[in-house]
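I opened the model to look up helix packing, salt bridges and a few loop residues. My notes follow in the order I took them.

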Amino acid sequence: PTAHRSTVMPGRTLLQPALPVTFGFKLAGWLDMLMRCSASFRSAADEALVLQFGGAVGTLAAIDDKGNAVRAALGKELELPVPEIAWHALRDRVARLGSELAILTGALSKMAGDVALLMQAEVGEAAEPAGPGRGGSSTMPQKRNPVAAAAVRANATKAAGLAASLIAVMPQEHERGVGGWHAEWTILPELFELASGALAHMNDTVAGIEVHEDRMRENLAIGNGTLMSEALMMALAPTIGRLEAHRVV
């Protein structure tokens, strides 16, 4: 992709050709989003990976006045930070971690969707890497389908629902809830699996993405130069006013 950072292509708004951008600009937007997702996920993970040790109701009453010393020693042994208080029924850490996984998967889905749209035969500006048996149609030999994008977007759809489920089970009763934390046992692992799968697919896609510079150039000519109409309008605006310039152009 770095070889095409300055390659000019149509930008698109509401799925229609808009103003020119560069392929590097598009990928820089993806990278900017992923860097935020990475930082937020690491923060959520650091916050969630803390010791949970509180005894029957969180007070460590069974070990009398040795509770804090035992908690500190156990945290050191397990190399886990020791929180201020037991948190068995306080599930914000888990919900935040799961939500960040879903947001990361959603960010990857945005990237996958862009690639799938660029692969459309009518556009043809970029494509997932080719490979034996990859993306072919069982009945239409001419087709090349976006297989990685389909998997990533399917994962993101599932992840969004699972993150909502983690938030739904947050109101856990008193000091230990009925069923809410049990539901997390399957929800959180699946969110990790979905995010991991999406990351693997997009890593392969970006590493081997095909860029069709000739089609980008051809598509810039759509409308006989009207992709530059904003610049023309703004150049005329000081003389005849913006609204009149818009009408004239």
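**Helix packing.** I started with H3 and H5, which are roughly parallel to each other (angles under 35 degrees count as roughly parallel, over 145 as roughly antiparallel, 65 to 115 as roughly perpendicular and the rest as oblique). Their axes come within 9 Å and cross at roughly 30 degrees. Axes here are lines fitted to C-alpha atoms, for helices over the stretch in contact, and angles run from 0 to 180 degrees between N-to-C directions. The helices are DSSP runs of H or I with at least four residues, strands are runs of E with at least two, and both are numbered from the N terminus. H3 passes H5 in a left-handed crossing (the near helix is turned anticlockwise from the far one by less than a right angle; clockwise would be right-handed). I then listed the contact, meaning heavy atoms within 4.5 Å. H3 contributes residues including Leu97, Leu101, Leu104, Leu108 and Met111. From H5 come, among them, Leu188, Leu191, Phe192, Ala195 and Met202.

**Ground rules.** I noted that this is a predicted model, where local features need pLDDT of at least 70, side-chain atom pairs count only at pLDDT 80 or more, and totals for chains, interfaces and linings use all residues. Residues are numbered from 1 along each chain as its sequence is written, and side-chain values use heavy atoms, with hydrogens and water left out.

**Salt bridges.** How many salt bridges are there? I used this rule: a side-chain nitrogen of Lys or Arg within 4 Å of a carboxyl oxygen of Asp or Glu. The count comes to eleven.

I looked at Asp32 and Arg36 next. Their closest N and O atoms are 2.6 Å apart. Both residues lie in helix H1 (residues 23-48), four residues apart, about one turn of the helix. An α-helix has 3.6 residues a turn, so residues three or four places apart point the same way. Asp32 is partly exposed at 41% relative accessibility, and Arg36 is partly exposed at 48%. My cut-offs: buried is under 20% relative accessible area, exposed is over 50%, and partly exposed is in between (1.4 Å probe, protein chains only).

Glu213 and Arg217 form another salt bridge, at 3.4 Å between the closest N and O atoms. They are four residues apart in helix H6 (residues 213-220), about one helical turn. Glu213 is partly exposed at 34%, while Arg217 counts as exposed at 51%.

Lys158 and Glu190 also meet in a salt bridge, 3.1 Å from N to O. This pair links distant parts of the chain: Lys158 sits in helix H4 (residues 147-168) and Glu190 in helix H5 (residues 180-208), 32 residues apart. Lys158 is partly exposed at 44%, and Glu190 is partly exposed at 25%.

I also found a network of salt bridges that links Glu47, Asp92 and Arg96.

**Loop residues.** Is His88 buried or exposed? His88 is buried, with a relative accessible area of 14%. Its place is in the loop between helix H2 (67-78) and helix H3 (92-119). Leaving aside neighbours within four places in sequence, His88 is in contact with Gln52, Gln172, Glu175, Arg176 and Trp181.

Arg144 lies in the loop between strand S3 (126-127) and H4. Arg144 is partly exposed at 35%. Arg144 and Ala130 are 14 residues apart in sequence and 8.8 Å apart in space, C-alpha to C-alpha.

**Last check.** Just after H7, Gly241 takes a positive phi of about 90 degrees.
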